[in-house]
Amino acid sequence: AFLMVLLPVLNLLLGLVPVGRVGLHRQSNTRTSLLPGCNALSTASSTGTSTTVSSTRSKILVLGGTGFLGSEIVNQAQSRSDVDVVCTSASGKDGALTLDLTSADAGELVRKAAEGCVGVISTVGSIGTKYDRQINSATAVAARAARAAGVKHFVSVGNNERVRGLTKSMPFLTDYAEGKEESERAIRELYGYNGCIVQPSFIYSGNKYGISPPRVASPVGALAEEVLGLYPIQALSKALPDALGAPLEPPVSVESTAGACLNVALGICEGYTVLDSKDSIVMAATAHRPRGCIDEEECSVEEEAEIQSRRDYIKRMLQTPNSGQDDIALMEELESLRARSTKPAYDASLNSRWDFVLSKSDLGTDLLKKLKPEEGFSPLQLAYAVRDVYMEISEEQSQVKIVLKSKILGRNIDVALSTSLLPTAYDDETDGTLFVERFEGVKVGDVDMPIPKSWKRSRYLEIGYLDHDMMIARGNGGEPHFLLRGRNRPISSD
């Protein structure tokens with residue numbers, strides 16, 4: 001019962017949710033990486049100093065660009081200053097090119113529309129109609145035409161294996177499933193590592209529910225994403241047959257799904273062959289965020305001083321309650337101001353105690369705040385209160401301990417969560433910022449709690465910024481969190 005109360009907190013601190021299958025990434029030495037590399041887009045820091053990334057414009061084609069998901073992809077593409085987008089629809093509404101993928105000349109029309117494009121995204125599909133097989137298999141026609149036009153990346157939207165298994169077991173949905181599988185086979189054969197199938201369970205947005213495509217309203221979807229994303233519920237989902245387990249898969253927002261499709265099509269995230277979980281989709285969606293860094297050798301003394309001044313300002317704002325600024329935007333800018341020579345995976349300054357800063361608002365954070373007396377009284381504290389929460393990284397950087405200084409029924413008892421931490425082997429791509437973290441166990445007081453072996457899963461942990469005062473880390477969900485070194489240390493200049 002005690003662990004059940006802590007489950008949302010465990011999710012917050014350890015990101016214990018299934019990652020899903022991440023497609024293998026080709027390496028020149030034939031090794032496979034744990035996470036595909038992400039290529040940064042052109043950015044400029046607010047200091048006026050440009051980060052070291054490319055500013056090349058890219059063009060993409062969105063098939064079905066006026067539908068529920070397609071229109072969001074188009075909107076996001078149009079909001080990016082370095083992306084040109086062309087979209088099609090069967091009706092040609094809203095200024096889209098008229099293109100019916102089931103028509104006899106569809107292949108030639110796609111080939112012409114795809115000329116000069118770096119990526120093509122197909123959101124075309126239908127479910128529950130007598131044309132399901134024809135429409136859902138038509139993406140294979142588009143994939144062949146795009147390949148003929150020299151397009152490098154092809155992305156198609158489907159559904160994950162749990163949902164696919166359900167549809168194949170229902171006679172009236174067999175044509176839907178077989179059509180999708182025909183298209184996906186063609187994409188894999190034609191594109192290999194440059195073809196990706198994005199497979200959300202359900203997508204949520206707005207206030208409408210729907211079956212074609214499957215979607216739920218935002219208020220329900222956002223809550224379901226947090227609750228169903230809790231590790232025990234996911235573990236239960238995996239143990240159940242598809243008919244019972246598939247409804248327990250967490251939904252994904254239309255914004256995240258569109259962002260993932262767009263980033264893979266643009267080549268920002270290369271090597272994804274399938275995104276079949278909420279976390280893998282969100283991680284791909286957030287990859288467009290700045291990952292540039294500052295090359296100190298190319299900066300003058302004055303520029304270095306200006307950059308450091310900006311870093312210090314951002315760090316002060318992040319620690320100022322109700323500053324009125326967007327914390328995520330500030331953290332992303334601070335990541336882009338990381339010195340290239342700073343490689344957290346091999347930096348001895350990572351070995352320390354790090355205090356969590358509870359600045360976000362989600363299920364785990366809100367519960368943890370209610371358990372902390374300093375955040376105000378809650379009846380939950382009568383049974384369990386958290387006096388402090390922090391992370392310790394050992395000198396070897398291979399062991400991490402997250403400690404909750406707790407009071408359980410009036411008794412002071414520490415709860416310690418142990419993980420192992422290893423850098424990935426692909427520093428050319430990750431620039432020394434990416435780790436693999438594996439959950440190892442929980443100790444309450446001096447008692448090691450029995451943990452099912454299936455709970456000992458791994459996640460990716462990216463440390464996008466590190467200095468003497470602060471760390472910015474991203475787990476599977478992709479959003480940044482910041483931690484402060486030690487307790488009540490003043491901000492210093494490096």
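**View 1. Surroundings of Ile60 in the predicted model.** Leaving aside neighbours within four places in sequence, Ile60 is in contact with Ala77, Val83, Asp84, Val85, Val86, Cys117, Val118, Gly119, Ile121, Leu262 and Leu266. Ile60 and Leu275 have the most contacts inside the largest nonpolar core, a set of 32 residues. At least two residues of this core come from each of strand E1 (58–63), helix H2 (68–78), strand E2 (83–89), strand E5 (153–157), strand E6 (195–198), helix H10 (254–265) and helix H11 (278–285). H10 gives the most, with 7 residues.

**View 2. Another nonpolar core, lying apart from the largest one.**

**View 3. The buried residues of helix H3 (residues 106–114).** Ala106, Val110, Ala113 and Ala114 are buried in H3. Seen down the helix axis, the buried residues fall within an arc of 95°, so they line one face of H3. An α-helix has 3.6 residues a turn, so residues three or four places apart point the same way. The cover over the buried residues of H3 includes strands E1 (58–63), E3 (97–98) and E4 (119–122), together with helix H4 (132–148). After H3 comes Gly116, with a positive phi near 85°.

**View 4. Asp94 in the loop between E2 and E3.** Asp94 is not a glycine, yet its phi is positive, near 55°. Asp94 is exposed, with a relative accessible area of 69%.

**View 5. Leu409 in the loop between strand E14 (399–408) and strand E15 (411–423).** Leu409 has a positive phi of about 50°. Most residues other than glycine have a negative phi. The relative accessible area of Leu409 is 67%, and this residue is exposed.

Definitions and conventions. Residues numbered from 1 in each chain as written. Predicted model: local features only at pLDDT ≥ 70, side-chain atom pairs only at ≥ 80, totals over all residues. Heavy atoms only, no water. Buried < 20%, exposed > 50% of the residue type's maximum accessible area, 1.4 Å probe, protein only. Helix = DSSP H or I, 4+ residues; strand = E, 2+ residues; numbered from the N terminus. Arc of directions from axis to C-beta. Contact = heavy atoms within 4.5 Å. Core = buried A, V, L, I, M, F, W, Y, C linked by side-chain atoms within 4.5 Å.
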